[in-house]
Amino acid sequence: MDLVESLSSYPGPMDPTVLYDQEQHVSSAVWEGQDRGTLRCHEHTSKIDGWKLTKKQIELVTKAGFGHFRLIGQISLNNPLISALVERWRRETNTFHLPHGEITITLDEVARIIGLRVDGEAVVRDNSLSGSHMEICGDLLGKFPNSDAKEIKGGMVKLSWLKDNFSDCPKDASAEEVEQRTRAFLLYLVGSTIFATTSGNLVPLLYLPLFKDFEKAGKYAWGAAALAFLYRQLGKASMKSQGTISGSLTLLQCWSYFHLNIGRPELKQDLSHQFPLALRWKGKLNNQAKSDVVMYRQKLDALEPTDINWTPYTNLDGSIPDEIRGDLMLGKSRTTIICMDKAEWHLPERCLRQFELCQSIPPDVQRRESKSNELDTEIESSKKLDLELQEWSNRHQNIVGGLDGGEDVDETKYTQWYSKITRKKLHRQAFVPSQFQESVAEMIKIQEIAYAASTENLSLKNKVALEKIKAVVDRFLANRVGGLKVLEKRKRSSEDDPIDEDVYHS
């Protein structure tokens, strides 16, 4: 018991079976004083309002599924807040790990906040158009980017080229030209927002064939694809080796404003009637003074359950259009969401409080070892996505709730379980060298006691607890100067009482 109490300051996870990527996660670096600071946030919306769409173009944009989304335009980003949120994201579960529970961006919230459909066909490659990238541009846009002027690069076209050549549609334009310019706008729209990349002023041309037929484009689940893309970018950015993030950061920031009163501007007027809900945060607001990432990190560490608005949309659903209202039930769908070659789990059973249900211990999540961006070939891509596409097709049959959680569920077991598997806090007061040395010395003492302790009369439960304590201390010392030598010494001296390898390496 004394040993357990002496490790109470360890931020976790005590049980690494859920957050198995902890050593690669940015929170490990932050705890060691290696603060990467504010992420470079890539969302290229500064010139999106410069497009002048005709009435016919707006009709085509609406038919393609972006009628509501196009209204959002540019929203000022709070990069330090986004950076602090990313530090709480875990790609093992596709959720934010807050001090007292998990929370995530769900499909219904995508529909509410940015006005994109989350039900429909998965957004995957359309291979019906053959030919080079240049030929596809000629077929669908009527113009060719200049490779010598670097307007096209490796299957990606410059956003500035699209705007310079297509943003002002002539009044006497033919029907074909109107369609070509509208496709260019849609490619610019997704490339600067929901599918924005860290490559700067570039958008992949692989999205362009999806806008060949505007009516068919309107049948895609663009919102689900936007969420899959954002999940993937959050996962990448949460690794300590990364310094940038892209995707729909407007969605991420507005989602945070609804759930957390951290960095949230004050609304000057009641905008509950506006749709999409992101419009509440557009324009002139009574902005709170922006903090740095350290301050936001501390505020997130200090969150209590009552500080979180789990169900912020109770009085805001009156403005949702009928064609989107029917999609909201998919917020509770345990499914796989897809964007081209990216497939991500959507796991609402981990965040039942967002649906006015009590939280129970969620099912285990299967490890996904590969997070590659690109698959080797289009044929391989289609094969690898067979299972994911099947899961998406069953999205309406996999609605969580009922037995998963409810008013009669006791959250005590969940709270105890969660405290063991999560990273409790990220912020750490800076150590001076002497304090650091004292801490290492104390951990060495604990290690010596743990390895010297006899297990002869211990129960199985206490034996397991002791092995976990050893593993925690070993990890602590292995990451410090000289720690590996200490660890090897302990292993050699404990041959008569060998460590359980599964526990030791966990």
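# Helix packing, strands and rings

Me: Are α4 and α11 roughly parallel or roughly perpendicular to each other?
Reply: α4 and α11 are roughly perpendicular to each other, a label given to angles of 65 to 115 degrees; under 35 counts as roughly parallel, over 145 as roughly antiparallel and the rest as oblique. This is a predicted model, in which local features need pLDDT of at least 70 and side-chain atom pairs count only at pLDDT 80 or more, while totals for chains, interfaces and linings use all residues. Residues are numbered from 1 along each chain as its sequence is written, and side-chain values use heavy atoms, with hydrogens and water left out.

Me: At what angle do the axes of α4 and α11 cross?
Reply: They cross at roughly 85° and come within 11 Å. Axes are lines fitted to C-alpha atoms, for helices over the stretch in contact, with angles from 0 to 180 degrees between N-to-C directions. Helices (H or I, at least four residues) and strands (E, at least two) are DSSP runs, numbered from the N terminus.

Me: Which residues of α4 and α11 meet?
Reply: From α4, Leu-81, Ile-82 and Leu-85 meet Leu-249, Leu-252, Gln-253, Ser-256 and Tyr-257 of α11. Contact means heavy atoms within 4.5 Å.

Me: How many residues of α4 are buried?
Reply: Nine of its 10 residues are buried, and α4 is mostly covered. Buried means under 20% relative accessible area, exposed over 50%, and partly exposed in between (1.4 Å probe, protein chains only). The buried residues include Glu-87 and Arg-88.

Me: Changing topic: how many aromatic pairs are there?
Reply: The whole structure holds 19 aromatic pairs. Rings of Phe, Tyr and Trp (its six-membered ring) pair if their centres lie within 6.5 Å; planes under 30 degrees apart count as stacked, over 60 as edge-to-face and the rest as tilted. In one of these pairs, the rings of Phe-66 and Trp-222 have centres 5.1 Å apart and planes at 55°, so the pair is tilted.

Me: Where do Phe-66 and Trp-222 lie?
Reply: Phe-66 is in the loop between α3 (55-63) and α4 (79-88) and Trp-222 is in helix α10 (residues 222-237), so the pair ties together parts 156 residues apart in sequence. Both Phe-66 and Trp-222 are buried. They also belong to one aromatic cluster, together with Phe-69, Phe-195, Tyr-207, Phe-211, Tyr-220 and Phe-229.

Me: Which residue lies over the face of Tyr-20?
Reply: Arg-367 does, at 4.1 Å from the ring centre. Arg-280 lies over the face of Trp-281, at 5.6 Å from the ring centre. A charge sits over a ring if NZ of Lys or CZ of Arg is within 6 Å of the ring centre and within 35 degrees of the ring normal.

Me: Now the strands. In what order do the three strands of the open sheet stand?
Reply: The order is β5-β6-β7, with antiparallel pairing; two strands pair if DSSP finds at least two bridges between them. β5 (152-153) and β7 (202-204) are at the edges with a single partner strand each, so one side of each is left without a neighbour in the sheet.

Me: Which helix packs on the sheet?
Reply: Helix α7 (residues 159-166) packs there, touching β6 and β7, and its direction makes about 55° with that of β6.

Me: Which residues of β3 point one way, and which the other?
Reply: In strand β3 (residues 95-98), Thr-95 and His-97 point one way, Phe-96 and Leu-98 the other, and all are buried. Opposite Thr-95 stands Arg-90, while Phe-96 stands opposite Ile-103 in β4. β3 and β4 form a hairpin with two residues between them.
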